[in-house]
Amino acid sequence: MHLTQSILQLIDLRSFSNLWYWIVLAVGWSSITHWVLGVPHDLIMRARRRGGEAAEDMVALLRIHLRRILYIEKEGGLVLTVFVSFLLTTLAVTGFFYHLEFSQALFLLLFPYTLVWLLSLRAAGRIAALIGAGIPDPEVLTAALLRHRLQVQILGMLAITVTALWGMLQNLTYSVLGG
């Protein structure tokens, strides 16, 4: 019985009071802001400072990931849009209308990631147009990647703030009302 209680406490569906939820949130945003369109931030900074081989590596890696992102958009965009819309709507309704905390937590985790994906699609299209226009200038590409990273970081700060405030409200409400 003790083992069963320990397992149930570990996977507690009261997400906002669970340490694992906050670890996933922090690691997720850390990872998203480190990998800018598939290019690690340290490579972007090295390409910006040193140029040369680092810039060539950055451009090569960026081309690979841009082709991948734009292929996914072209081939699976409609199906992904329908599936993600269904999933987010289901989570929003079950979370905020039926007050299911697990759905609220998943929605507050996944909705901003969807916005990041949309920002990434827009940035990928713009950067692909820059690359397609001729020989890519690493300085222009690093500036575009860093601008995209800043947008993602701002979105991440807003998402974490909203999630933290909502989570605190849920924890306070749960502890005060004894639910």
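Start by selecting helices H3 and H4: H3 passes H4 in a left-handed crossing, where left-handed means that the near helix is turned anticlockwise from the far one by less than a right angle, and right-handed that it is turned clockwise. This is a predicted model, where local features need pLDDT of at least 70, side-chain atom pairs count only at pLDDT 80 or more, and totals for chains, interfaces and linings use all residues. Residues are numbered from 1 along each chain as its sequence is written, and side-chain values use heavy atoms, with hydrogens and water left out.

For your selections, H3 is residues 41-50 and H4 is residues 52-97. Helices here are DSSP runs (H or I, at least four residues), strands are E runs of at least two, and both are numbered from the N terminus. H3 and H4 pack at an angle of about 135°, with their axes 7 Å apart. The axes are lines fitted to C-alpha atoms, for helices over the stretch in contact, and the angles run from 0 to 180 degrees between N-to-C directions. That angle makes H3 oblique to H4 (under 35 degrees counts as roughly parallel, over 145 as roughly antiparallel, 65 to 115 as roughly perpendicular, and the rest as oblique).

Now show side chains at this contact, meaning heavy atoms within 4.5 Å. On the H3 side, pick Leu43, Ile44, Arg46, Ala47 and Arg50; on the H4 side, pick Gly52, Ala54, Ala55, Asp57, Met58 and Leu61. The contact of H3 with H4 divides into 7 nonpolar, 1 polar and 3 charged residues. The sorting rule: Ala, Val, Leu, Ile, Met, Phe, Trp, Tyr, Cys and Pro are nonpolar, Asp, Glu, Lys and Arg are charged, and the others, Gly among them, are polar.

Stay on H3 and colour by accessibility. His41, Leu43, Ile44, Met45 and Ala47 are its buried residues, with buried set at under 20% relative accessible area, exposed at over 50% and partly exposed in between (1.4 Å probe, protein chains only). Next, pick Arg46 and Asp42: their side chains meet in a salt bridge at 3.1 Å, N to O. The rule asks for a side-chain nitrogen of Lys or Arg within 4 Å of a carboxyl oxygen of Asp or Glu, and the count by that rule comes to 1 salt bridge. The two partners are 4 residues apart in helix H3, so about one helical turn separates them. Arg46 is partly exposed at 30% relative accessibility, and Asp42 is partly exposed too, at 40%.

Step off the end of H3 and you land on Gly51, whose phi is positive, near 65°. Which other residues are worth a backbone check? Leu37 sits in the loop between strand S1 (35-36) and strand S2 (39-40), and counts as buried at 5% relative accessibility. Then jump to His99, another non-glycine with a positive phi, about 60°. His99 lies in the loop between H4 and H5, and is exposed, with a relative accessible area of 62%.

That loop brings you to the next helix pair. H4 and H5 pack at an angle of about 155°, with their axes 9 Å apart, and are therefore roughly antiparallel to each other. Their crossing is left-handed, and the residues of the contact divide into 22 nonpolar, 6 polar and 2 charged.

What does Gln104 touch, once its neighbours within four places in sequence are left aside? Select it in H5 (residues 101-132) and look for Phe16, Gly95, Phe96, His99, Trp166 and Gln170. Gln104 is buried, with a relative accessible area of 2%.

Finish on H6 (residues 138-177), where you'll find Thr142. Thr142 is buried at 3% relative accessible area; beyond its neighbours within four places in sequence, it contacts Ile44, Ala47, Arg48 and Met58. Further along H6, pick Met168, which is partly exposed at 47% relative accessibility.
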